[in-house]
Amino acid sequence: MKIGPEIGRLVLSMAVCALPHLAALCVAEEIPVPVNTAVSIELKETKITEPIFFEAPDDKAVKDDKTAKDDKAAKDDKTAKDDKTAKDDKAAKDDKTAKDDKTAKDDKGADAKKEEVAPDVDVVPPPPEPTPEEIANRKDKATEYQSLGEKAFPIPVTGSILDRYRFQHGVGDTDQDMTEFITVDIGDKAREMVTAHVDARLTEIFTPQHNLGRSTVFTDLEDTYNRPFVAELYSAYVDINRLCGIEVLRVGRQFDYDTPEILNYDGAHLETKPIKGLDDLTFTFYAGASVHEFEKSNGGDWLAGMAAEIKPFDFTKIRFDYIHVNDDFSDWVIPSKNPLLLSLSANGGTREDDLTSISFWQSFKDPDIHLNGHFSMIDGEARDAQIRATYSNTCHELQITGSYNIWFKPQSELVTEFDQFYETLKTEEPYQTATVNISKGLLECLWIEGGGTSRRLIENSKAELFNREFDRLYTTLETRDWLKKGLKMSVTASRWEGLGKAPSTTQYGGDVAYEWCKHLETIAGTDYELYKYDMFLNTEHDQDRTYFIRQRWKPTRWASLDAKYEYEQSRSQHFHTFTMQFRFDF
């Protein structure tokens, strides 16, 4: 779009009016304005040129002004140069400072990188040295948790003494005896190179059963010595600890409970530590003279064995055992008609048996299940097998346990370690047993438990003493702290299905327990068993009903007292038994 001449003139007039103000500004700023200056304004394609003249001053004034201006310009140039030099110096200084700062930052960044690369290490300052008073207080506080033996001796000596008095009366006969068990441990395996352990028993017979020509009701093994005092040393060994690659090195009289049959021998036992990279493989070796407490002599009796154990998977363990036993019967044949004495007498000669066994243990976390089982052979023939499973659910207070056991073949005369009752019971017939138990919490104060057991003879076996057939089902209800704090009550209903000559019957039992205070409790109740085995007297009672009352008291950490009275009523006999035992821990 083109601007017309009128608009051009208007714009030019406005510019002319503004020139005096521009000239005054130039003078104030000391900027020279040339004379006869013409202003040209170009608006797009239209040019308008109007000459505008200013009045010129005289020459001298102009010259003086020029000189002053030149001096001032020179001064300004010098000042500007000085300013520039100062600015350059400052800039150079700033550059140097910036470079130094950059270098420092780079160094700091490198250090930071080094710190980032280096692992974080928490520096824990050493604890302050305790004062003698603090050391004494710590010793006094630790002493409160020590046993009496640890307080009395410079090295740890711990153990227990248990005294038991027993009175029995029935069938016109009475028996009394006092038994003392002592257990002592010397040393701490974590600190001492050598530690020791002793188990012993001393029995005093107040009413000895001298008439051993016949079987009396209360005749037991101690009566066979025909003296008022009988001392027995169960174990006495030393352990050598902290050996490279050795978990256990034990020498002396000892029991071995990890083997398929419990062994008691005078000898050596060595167990290696797990071998890394081979599924924690461990080996166990042992050998020695067999210990038969009630034999006149152990001459010619010895045993040896080994075991290997691996853990191929998490929560899985497998163990293999081999045992060889040599038993000499020739030096202790006792002619007698007493069944108890016959159990201590063999047919003479020497017997050798080999037992091999494989066992496993398996656990699962979710669900919480534990499995274990074993299979054994004697002299190359299958002997027995067992499997057991347990399921637990703590959220629902539920536990289920089941087991199955089978004896494959008749067990005839074997070495004492594999069959201690052959001379009394003779051949044990093959059998199988299945058991299931379930317990469940119903309420905070109410629990229920039930289950069953079934025992059967197999391969046309004959039922004999200690080897019966039966079925049993039972249910138990138990309350805790229901009517009163510390009160527990339970009632049991059981159904027995006897086979053969044994009757089928439904029986009830129960017990009541009340905790008077923290360490004082009274228990009373009754129970029924179709077959009850008395291992002390080596007898079997059938259709047995027992009533009992028991008092337990623990007055201190070191002492406890336990008294119990039982009235036992079987199909043909009645017995009264009173037992009191005192235990002292040190």
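Me: Why is Asp188 called partly exposed?
Reply: Its relative accessible area is 26%. Buried means under 20%, exposed over 50%, and partly exposed in between (1.4 Å probe, protein chains only), so Asp188 at 26% lands in the in-between class. By the way, this is a predicted model, where local features need pLDDT of at least 70, side-chain atom pairs count only at pLDDT 80 or more, and totals for chains, interfaces and linings use all residues. Residues are numbered from 1 along each chain as its sequence is written, and side-chain values use heavy atoms, leaving out hydrogens and water.

Me: What makes Arg191 and Asp188 a salt bridge?
Reply: Their N to O distance is 3.3 Å. A salt bridge needs a side-chain nitrogen of Lys or Arg within 4 Å of a carboxyl oxygen of Asp or Glu, so this pair qualifies. The structure holds 18 salt bridges.

Me: And is Arg191 buried or exposed?
Reply: Exposed, because its relative accessibility is 52% and the cut-off is over 50%.

Me: How do you know that Lys189 and Asp239 meet in a salt bridge?
Reply: The N to O distance is 3.2 Å, and the limit is within 4 Å, so they pass. Lys189 sits in the loop between β4 (173-186) and β5 (194-205), and Asp239 in strand β6 (residues 229-240), 50 residues apart. Strands here are DSSP runs (E, at least two residues), numbered from the N terminus. Together with Arg250, these two are linked in a network of salt bridges.

Terms used
Helices (H or I, at least four residues) and strands (E, at least two) are DSSP runs, numbered from the N terminus.
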